[in-house]
Amino acid sequence: MIVTEIKSLERINEYNANLLILPTIFSTGCDFVVEIDKLSLFDNKNVALKLDKIITEDELLLLDDYIKQTISYNIKYYIYTDMSVYCILKKYNLEHKSVYFSKTINCSTNDIKQYNNLNIKCLVSTELTLDDLIKISNLQNNFIYTYGYFSIFYSKRKLLSLYKQYASLDYESQNKKY
């Protein structure tokens, strides 16, 4: 199966893939998002919604409403990182369409087996050994990311300032944001 993440709505008919990943308001690393009212453009295609950002408590109701609005569209998968997405999908009996994509966290065959035991499909990290990739390729309901770029790390926390605070450093950063 050939899967690609779209970068623009302008040339959607030129994407020659079995599954198109659509960036959403809950995506990371995207230059644009596909608004809900544009999902009908993909009715004759297999699509997955990319919901890979970390969800804060104040975004939970927005996420719930967003997922509820997508139910009537032809969505094959919901690709997520935050387990709150899975919980909301389960609320609407959509967990069979969920694909857990933790980027670099799922780094062993045992991780993937555990999710599979819970009937959760995984988009597998590229940080695996060849031996693990071979074993995982024999498991059911998994996708292996083989080519392309994805964010190695994503956080909403100001990590440098937290490190400075807990390490008791006196160093003043040039970048006042962190």
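Among contacts in the protein chain between residues at least 6 apart in sequence, what percentage join residues at least 24 apart? The figure is 51%. This is a predicted model. The protein chain has 178 residues, and 38% of them are buried.

**Overall layout**

- Five helices and seven strands make up the secondary structure of the protein chain.
- Read from the N terminus, the order of elements is β-β-β-α-β-α-β-α-β-α-β-α.

**The largest nonpolar core**

- The largest nonpolar core holds 33 residues.
- L22, F42, L49, L51, I67, Y80 and V85 have the most contacts inside this core.
- The top contributor is α2, which gives four residues.

**F42 and its neighbours**

- Leaving aside residues up to four places away in sequence, F42 touches I6, L9, I12, L20, L22, V34, V47 and N74.
- One of these partners, L22, is also listed among the residues with the most contacts inside the largest core.

**A separate core**

- Another nonpolar core lies apart from the largest one.
- This other core has eight residues, including I21, Y77, V99 and F101.

**How α1 meets α2**

- Two packed helices are described by the angle between their axes and the distance between the axes.
- The axes of α1 and α2 come within 10 Å.
- These axes cross at roughly 45°, and the two helices are therefore oblique to each other.
- The crossing of α1 past α2 is right-handed.
- On the α1 side, the residues that meet α2 are L60, L63, D64 and I67.
- On the α2 side, the residues that meet α1 are S84, V85, I88, L89 and K91.
- I67 and V85 take part in this helix pairing, and both are named among the residues with the most contacts inside the largest core.

- D82 sits in the loop that links β4 to α2.
- Is D82 buried or exposed? D82 counts as buried because its relative accessibility is 16%, and buried means under 20%.
- The side chain of D82 makes a polar contact of 2.8 Å with the side chain of S84.
- S84 is also one of the α2 residues that meet α1.
- Setting aside residues up to four places away in sequence, D82 touches K53, I54 and I55.

Definitions and conventions: Residues are numbered from 1 along each chain as its sequence is written. This is a predicted model: local features need pLDDT of at least 70, side-chain atom pairs count only at pLDDT 80 or more; totals for chains, interfaces and linings use all residues. Side-chain values use heavy atoms; hydrogens and water are left out. A nonpolar core is a set of buried Ala, Val, Leu, Ile, Met, Phe, Trp, Tyr and Cys residues joined through side-chain atoms within 4.5 Å. Buried means under 20% relative accessible area, exposed over 50%, partly exposed in between (1.4 Å probe, protein chains only). Contact means heavy atoms within 4.5 Å. A polar contact is a pair of N or O atoms within 3.5 Å; within protein, one must be able to donate a hydrogen and the other to accept it, and residues adjacent in sequence count only if both atoms are side-chain atoms. Axes are lines fitted to C-alpha atoms, for helices over the stretch in contact, and angles run from 0 to 180 degrees between N-to-C directions. Angles under 35 degrees count as roughly parallel, over 145 as roughly antiparallel, 65 to 115 as roughly perpendicular and the rest as oblique. A crossing is left-handed if the near helix is turned anticlockwise from the far one by less than a right angle, and right-handed if clockwise.
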